[in-house]
Amino acid sequence: MKVGFIGVGVMGGPMASNVLKGGHDLTVFDLDGDAVRRLVEAGATGASSAREVGAASEVVVTMLPEPRHVREALLGPDGAARGMRPGGVVIDMSTIDPVSSRAIADELAALGIEMVDSPVGKTSEHAATGTLTLMVGGKPEVIERVKPVLDCMGNETYLCGGVGAGHAMKTVNNLLATTIMAANTEALAIGVKCGLTLELMMEVMKTTMANNAQLYVAMPKKAFKGDDSPGFMVKLACKDVRQAVELARSQGFEPHVGAACQRTLEEAMEKGFASRDTAALMRIREDQLGIKVRPADPQLMRVA
């Protein structure tokens with residue numbers, strides 16, 4: 001298929017690379033010229049605008065930070081939809097809220113363009129290996145049309161419902177995952193301050209309802225090493241949680257836990273950690289309490 005990809009950064013770059021490896025003709029655009037160049041060197045065609053991507057493609061994939069970026073890339077004056085022919089399909093793989101997703105889909109439909117939302121789960125490592133989790137929303141027949149493209153990027157696909165359902169699933173997923181991460185950092189920091197070792201806490205917690213994948217998979221890889229080099233950046237986590245909080249409030253519900261997590265992430269941003277990994281939350285708690293949450297036994301960092 002002729003595929004366009006808009007947004008080829010930390011996640012989008014390896015995802016686009018796998019589409020290319022899947023045998024599809026690929027046209028790419030990103031504001032980062034180096035990111036585009038890497039894909040062109042691998043065999044893709046570089047475009048000078050989103051509109052140019054649309055004109056060259058049957059299917060356009062977007063992987064962008066926020067709803068406003070998706071809207072501009074698709075429906076702005078130089079957006080992809082201005083170049084796409086009727087009958088084309090947009091796959092939005094960004095993490096945006098379902099309300100914005102459905103509104104964009106309606107505007108695309110008025111131009112004769114279908115939309116599928118397919119935000120992703122897991123990490124940039126899984127993006128590189130094509131083993132992402134895909135949370136898909138849209139018309140079944142349209143999803144079936146673009147399945148060869150989706151299959152290049154993920155190995156676990158969940159059909160969540162109509163357009164926007166994939167984004168709803170990703171919104172609640174990220175709310176829960178990030179809230180658990182924030183709660184872990186607080187609990188562990190308090191425990192160490194009280195004289196407990198990280199090893200003891202993890203040994204006990206794996207036998208109780210405190211057991212969670214953030215604690216035993218994600219944190220040993222980065223937080224317990226004091227490594228907050230960019231992965232899932234604080235500013236993106238904050239955006240995701242904010243979207244979830246706003247979505248809850250739009251439904252007449254005050255999400256107290258989500259709001260507290262949002263404030264925790266905002267605090268991290270205020271302290272200059274916006275572009276660092278969410279592992280920075282551990283560093284902040286350590287600094288506040290004057291302790292280090294580190295394993296005495298390095299083997300602990302290979303629990304996963």
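In the predicted model, helix H12 comprises 15 residues (residues 256–270), and at 1.5 Å a residue these should span 21 Å. The C-alpha atoms at the ends of H12 are 21 Å apart, in agreement with that expectation. Several residues of H12 are buried, namely Gly258, Cys261, Gln262, Thr264, Leu265, Glu267 and Ala268. The cover over these buried residues includes H8, helix H11 (234–250) and helix H13 (280–289). After H12 comes Gly272, which has a positive phi, near 95 degrees.

Helix H8, one of the elements that cover the buried residues of H12, extends over residues 165–193 and contains Asn184. With a relative accessible area of 8%, Asn184 falls under the 20% limit and is therefore classed as buried. When neighbours within four places in sequence are set aside, the contacts of Asn184 are with Asn212, Gln214, Leu215 and Met219.

A nonpolar patch on the surface is formed by Leu196, Leu200 and Val204. Together, these residues have about 250 Å² of accessible area. Val204 belongs to helix H9, which covers residues 198–205. The relative accessibility of Val204 is 44%, and this residue therefore counts as partly exposed, a class that lies between the 20% and 50% limits.

Ala128 is also assigned to the partly exposed class, on account of a relative accessible area of 42%. This residue is located in helix H6 (residues 124–129). Apart from neighbours within four places in sequence, Ala128 is in contact with Pro14 and Asn18. Gly138 lies 10 residues from Ala128 along the chain, and the C-alpha atoms of these two residues are separated by 25 Å.

Strand E2 (residues 25–29) is largely enclosed by the rest of the structure, because 4 of its 5 residues are buried. E2 pairs with strand E1 (residues 2–6) in the parallel sense, and the pairing runs over 5 bridges. Within this arrangement, Asp25 in E2 is the bridge partner of Lys2. In a regular strand, side chains alternate between the two faces of the sheet.

Key. Residues numbered from 1 in each chain as written. Predicted model: local features only at pLDDT ≥ 70, side-chain atom pairs only at ≥ 80, totals over all residues. Heavy atoms only, no water. Patch = residues over 30% accessible without salt bridge, like charges linked within 9 Å, V, L, I, M, F, W, Y side chains within 5 Å. Areas by Shrake-Rupley, 256 points an atom, 1.4 Å probe, with all protein chains shown as cover. Salt bridge = Lys/Arg side-chain N within 4 Å of Asp/Glu carboxyl O. Helix = DSSP H or I, 4+ residues; strand = E, 2+ residues; numbered from the N terminus. Buried < 20%, exposed > 50% of the residue type's maximum accessible area, 1.4 Å probe, protein only. Contact = heavy atoms within 4.5 Å. Expected span 1.5 Å × (residues − 1). Pairing = 2+ DSSP bridges.
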